[in-house]
Amino acid sequence: MPIDAVTNVPPPVAEPPRAYAPGSAERARLVRRLDELAGRHTSLPMVIGRERRLGGGERTELVQPHHHAARLGVLGNATAADVRAAVDAALAAGEEWRRLAFDDRAAVFLRAADLLAGPWRETLVAATMLGQSKAVRPAETDAACALADRWRGDVHAARLLLAEQPSSGPGGWDRADHRPLEGFVCAITPSDSTADAGSLPTGPALLGNTVVWKPAPAQTLAAHLTMLLLEEAGLPPGVVNLVTGDGQAVAEVALRDPALAGLHFAGSTAAFRRLWREVGVNVARYRSHPRLAGATGGGDFLLAHPSAEPAAVRTALVRGAFGYQGQGRSALSRAYLPRGLWRRIRDDLLGEVDELPVGDVTDLSNFMGALIDERAFTAAVDAIGRAEADPAVQLLAGGQYDGAIGWFVRPTVLLGGTDRYGGCAGPLLAVRVYEDARWEEALELVAADAPDARPAGAVFVRERPALAGAVERLRFAAGDLRVNGEPSGGGAAAPDPARWTSTRSIRETFTPPTDYVHPHMEWSPE
């Protein structure tokens with residue numbers, strides 16, 4: 001029920017990660033949840049309005065990437081009829097959801113964040129570990145911390161947006177009505193991030209939109225559980241409609257529907273361009289101009305200055321390039337190091353890489369798990385084969401792989417090839433060494449080697465003038481630039497709720513004129 005109050009939403013305090021140290025209560029809860037989810041074969045239905053059912057198309061078994069004989073559940077590929085039903089359910093739920101006060105909508109996602117941080121925490125972390133083969137630390141920071149932070153941060157940002165109102169002059173009142181878009185939003189989410197998958201559909205929903213959500217097949221277990229969490233938090237049926245499978249029917253039905261109002265995407269640059277092209281081909285069909293928002297990436301870089309701290313650079317290279325097997329959109333894949341620093345860290349770096357524990361992520365001592373599926377495994381193996389045959393590249397560490405039990409690829413370090421292997425998904429790091437006196441040339445190399453996307457990057461430097469120059473020179477080389485910090489820190493772009501609203505200006509005049517005559521028109525005897 002609406003109340004007569006201008007409320008303050010809770011401040012978005014960052015969710016602290018749990019350590020899952022041996023002997024801790026949270027570790028015991030996580031291990032128990034891992035055993036429970038791994039020990040049952042779960043039906044992974046679509047959620048369309050109030051209905052739950054498997055997609056009408058081909059059945060797909062969801063497996064653990066690190067043990068691909070172990071089946072987690074079954075999903076059905078959504079058909080055109082399934083997607084049509086999801087669009088209809090979203091449109092049918094729209095009017096009632098829009099009428100709900102912002103505070104009531106916000107309360108759903110604030111409660112979801114608290115449920116995630118509390119009783120649902122180990123469930124989502126375990127599902128991310130099993131379905132996406134994330135080791136415990138990246139699974140915790142992604143599925144628990146980042147997703148809770150997104151939900152809370154989105155509410156805070158949306159409240160600030162609603163408070164943005166025009167100033168009014170004498171005799172009237174100017175107001176801005178931040179309306180939801182007219183139609184539905186389609187959210188297509190990736191396999192590498194449970195936080196992206198959970199927040200891309202809910203961001204538009206918070207602003208009063210209804211959504212058709214298509215997660216990546218490999219992320220379906222965590223997506224299924226995220227829907228259950230949102231329902232427990234009070235999300236009404238039809239506000240977010242989950243369809244499963246490869247997404248072909250989504251492109252054929254949802255992206256061609258006249259009511260499409262927006263597309264929220266995270267994934268590869270190539271996939272986003274295909275979707276953009278599909279929207280462009282159908283632009284004359286739409287009732288309005290759909291909003292397109294996409295987060296893409298790949299080929300992230302680390303550039304070190306001769307003054308950089310060696311231990312910090314070495315740690316950032318290992319964590320950035322090989323955390324989550326180098327599969328995240330913010331994974332480090334190319335490094336530019338001065339020769340003096342390279343000499344100091346080379347042996348220690350290669351020794352650490354060779355010793356990194358790789359294996360089943362349910363063994364919490366492992367740093368790395370497996371690649372997400374056979375296609376990703378094959379692409380990484382092909383890249384290693386090309387590098388080994390490349391006379392301009394030297395393989396310094398790793399290069400081994402084994403797909404018999406899981407899709408495992410050892411962390412691999414290449415000397416050279418930043419322009420050819422710097423965008424390869426998987427645990428591959430290409431290093432380019434430059435002469436210490438050629439810092440300015442190194443800045444140019446970073447931009448020249450960039451793949452066809454807007455990557456993230458990190459600069460390690462202790463000399464302030466060099467740092468200031470690097471930040472300026474790399475202004476358009478990276479959409480997310482870290483200074484003396486991990487290049488794949490997992491930070492999301494700042495929330496932009498305005499993209500999911502259509503602002504209406506309202507001007508109320510308190511004393512309207514009653515005569516069309518202006519003063520200059522009045523007769524005067526002079």
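**Reading the features**

Guide: Let's start with Asn 484, which is partly exposed at 41% relative accessibility. On this scale, buried means under 20% relative accessible area, exposed means over 50%, and partly exposed is in between (1.4 Å probe, protein chains only). Bear in mind that this is a predicted model: local features need pLDDT of at least 70, side-chain atom pairs count only at pLDDT 80 or more, and totals for chains, interfaces and linings use all residues. Residues are numbered from 1 along each chain as its sequence is written, and side-chain values use heavy atoms, with hydrogens and water left out.

Visitor: Where is Asn 484 found?

Guide: Asn 484 sits in the loop between strand 20 (480–483) and strand 21. Helices (H or I, at least four residues) and strands (E, at least two) are DSSP runs, numbered from the N terminus. The phi of Asn 484 is near 55°, a positive value in a residue other than glycine.

Visitor: And what is the phi of Tyr 324?

Guide: Tyr 324 has a positive phi too, about 50°, although it is not a glycine. Its place is the loop between helix 10 (310–322) and strand 13 (332–338), and Tyr 324 is buried at 5%. Lys 134 lies over the face of Tyr 324, 4.7 Å from the ring centre. The rule asks for NZ of Lys or CZ of Arg within 6 Å of the ring centre and within 35 degrees of the ring normal. Arg 175 does likewise over Trp 173, at 4.1 Å from the ring centre.

Visitor: How many aromatic pairs does the structure hold?

Guide: A pair of aromatic rings is described by the distance of the centres and the angle of the planes. Here there are four aromatic pairs. One of them is Phe 265 with Phe 272, stacked at 5.3 Å centre to centre with 15° between the planes. Another is Phe 377 with Tyr 401, with centres 6.2 Å apart and planes at 80°, so this pair is edge-to-face. Phe 377 belongs to helix 12 (residues 374–389) and Tyr 401 to strand 15 (residues 401–402), 24 residues apart. For the cut-offs, rings of Phe, Tyr and Trp (its six-membered ring) pair if their centres lie within 6.5 Å; planes under 30 degrees apart are stacked, over 60 edge-to-face, the rest tilted. Ring pairs also link Phe 265, Phe 272 and Trp 276 into a cluster.

Visitor: How many salt bridges are there?

Guide: Side chains of opposite charge can pair when their charged atoms come close. The count is 31 salt bridges, each a side-chain nitrogen of Lys or Arg within 4 Å of a carboxyl oxygen of Asp or Glu. Take Arg 53 and Asp 82, whose closest N and O atoms are 2.5 Å apart. Arg 53 is in strand 3 (residues 51–53) and Asp 82 in helix 2 (residues 80–99), 29 residues apart. Arg 53 is partly exposed at 25%, whereas Asp 82 is buried at 3%.

Visitor: Are Glu 140 and Arg 121 buried or exposed?

Guide: Glu 140 is buried at 0%, and Arg 121 is buried, also with 0%. Their side chains meet in a salt bridge of 2.6 Å, N to O. Glu 140 lies in helix 5 (residues 136–163) and Arg 121 in helix 4 (residues 121–132), so the pair ties together parts 19 residues apart in sequence.
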